[in-house]
Amino acid sequence: MSSRRSASPGPLAGTGSGPVAVLVVTWNSAKVLPGFLASLPEGMAGLDWRLVVADNDSADDTVEVIRSLAPDTTVVQTGRNAGYAAGVNAALAAAAEWEGGFGAALVCNPDVRMREGCAKLLVDALGGADPGGGRVGISVPLLYEEDGRTLLHSLRRESSVTRALGEAVIGNRRAGRFPRWSELVTDQAAYERDTVADWATGALMALSGECLAACGPWDESFFLYSEETEYCLRARDLGFVTRLEPAASATHLGGDSRVSPRLWALLTVNRVRLYRRRHGLAATTAFRAAVLLRESSRAALGRPASLAAARALAGGPAPHGAP
C-alpha cells in the first residue's frame with residue numbers, strides 16, 4: 001500500500017467555500033481533450049469553477065493541448081505514469097493550494113462530455129440527507145455511450161460471494177435485476193429516480209468538501225480500477241452515500257477495459273484485492289473461486305480478456321498495478 005494511504009487519513013487541507021475544482025487525470029489524452037474542454041462551459045453552467053489537470057507523463061501532446069486550449073488551467077505533471085488515484089490526489093493537492101480552497105470537486109475522465117447544467121445538478125445534490133440516514137457525499141449522473149442514446153449501467157452493489165456466483169452462472173446483466181445475485185444494477189427503474197448505490201463507475205462524480213475532508217486521499221495502491229469502488233465504500237463507512245442524480249447526464253466515450261485483455265485482467269484482480277481488504281481469508285477464497293469460475297467459463301467461449309483474467313487469478317503473471 002502506498003505511503004499516502006497507509007497513513008491515517010486526515011482532513012483535506014484547502015477545502016472551503018471556493019470554486020468547484022474540476023479534476024482531470026490524463027495519460028496520452030490529446031485526442032479526447034479538445035472535445036472535453038469544449039463541453040465544459042455548457043456542462044459547468046451556473047457554477048464558479050476552475051480546472052486542474054494531473055498529467056501522468058503523457059508521451060503525446062496532452063499538456064500542449066491543455067495549455068493551448070485552456071491556458072488558465074492548473075497543470076500538475078506527476079513525472080511518471082502514477083495511476084489514476086495518484087493523479088486525483090495530485091490534482092486535489094494542487095486545488096487545495098488555491099486561496100480560499102474549493103467547495104466541492106468534480107472528478108472527470110477526459111473522454112466524458114457533460115450535457116448542459118450537468119455539474120450544477122450534481123453539486124447541488126451534495127450534502128443532502130438520505131432517507132437511510134446518510135449524507136450525500138458523492139453524486140453521479142446518468143452516463144450514455146458514444147451514440148448519446150444507449151444508457152450505461154453505472155450503478156453497482158458491493159461485491160459478495162453470492163453476487164459473484166450469480167454473475168458466473170447466469171451473467172451479470174441478467175443477474176443485475178436481482179440485488180442478491182449481481183454487483184451490476186440493471187433495473188431500469190433505478191436509473192429513473194434518486195438511487196443510492198454502494199458505488200458507481202468513476203468516469204464522472206461530484207464529491208462534497210465534507211466527504212473529501214473525512215475520507216482523505218484516494219488509495220494509490222490501486223493503479224487503475226477499484227480505486228473509485230474503494231473510495232465510495234470508504235465514504236459509505238463514514239456516513240456518506242453515493243447517489244444518482246437522474247436529471248444530470250453525460251456521454252462517456254471510454255470502455256477499453258471491455259476489449260483489452262491486460263486491462264480486464266487488472267480490473268478483475270483488483271476486485272479480488274479490494275474484497276480481501278474488507279473480508280476474511282475464507283470469504284475471499286470463496287469470492288476468488290466464484291470470479292475465477294466466471295472468467296474461466298467465458299474464456300472457454302473464446303474471450304481473450306477473460307482468459308487473461310483467469311490466468312491472473314490462477315496465479316499467472318500479474319498485470320501492471322497488481323501485487
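This note covers a helix contact, a pocket and an aromatic pair in a predicted model.

1. Start with two helices. Two packed helices are described by the angle between their axes and the distance between the axes. Here the helices are H6, residues 161-170, and H11, residues 281-299. Their axes come within 8 Å and cross at roughly 10°. Angles under 35 degrees count as roughly parallel, so H6 is roughly parallel to H11.

2. Next, look at who touches whom. H6 contributes Val-161, Ala-164, Leu-165, Glu-167 and Ala-168. From H11 come Ala-283, Ala-286, Phe-287, Ala-290, Val-291, Leu-293, Arg-294, Ser-297 and Arg-298. By class, the contact of H6 with H11 has 10 nonpolar residues, one polar and three charged.

3. Turn to the second largest pocket. The volume of this pocket is about 170 Å³. Its lining consists of Leu-37, Leu-40, Trp-49, Arg-50, Leu-51, Leu-69, Ala-70, Pro-71, Asp-72 and Thr-73. Seven of the lining residues are nonpolar, one is polar and two are charged.

4. Which elements supply at least two residues each to that lining? They are helix H2 (33-43) and strand S2 (49-55). S2 gives the largest share, three residues.

5. Last, the aromatic rings. The structure holds four aromatic pairs. One of them joins Trp-218 and Tyr-231. Their ring centres are 4.8 Å apart, and their planes lie at 20°. Planes under 30 degrees apart count as stacked, so this pair is stacked.

6. Where in the chain do Trp-218 and Tyr-231 sit? Trp-218 is in the loop between helix H8 (209-215) and helix H9 (227-237). Tyr-231 is in helix H9.

Technical notes
Residues numbered from 1 in each chain as written. Predicted model: local features only at pLDDT ≥ 70, side-chain atom pairs only at ≥ 80, totals over all residues. Heavy atoms only, no water. Axes fitted to C-alpha atoms, helices over the stretch in contact; angles between N-to-C directions. Helix = DSSP H or I, 4+ residues; strand = E, 2+ residues; numbered from the N terminus. Parallel < 35°, antiparallel > 145°, perpendicular 65-115°, else oblique. Contact = heavy atoms within 4.5 Å. Nonpolar A, V, L, I, M, F, W, Y, C, P; charged D, E, K, R; others polar. 1 Å grid on protein atoms, 1.4 Å probe; cavity = no way out; pocket = protein on both sides within 12 Å on 5 of 7 lines; lining within 4 Å. Points joined across faces, edges and corners; volume = space filled by probe spheres on them. Phe/Tyr/Trp six-rings, centres within 6.5 Å; stacked < 30°, edge-to-face > 60°.
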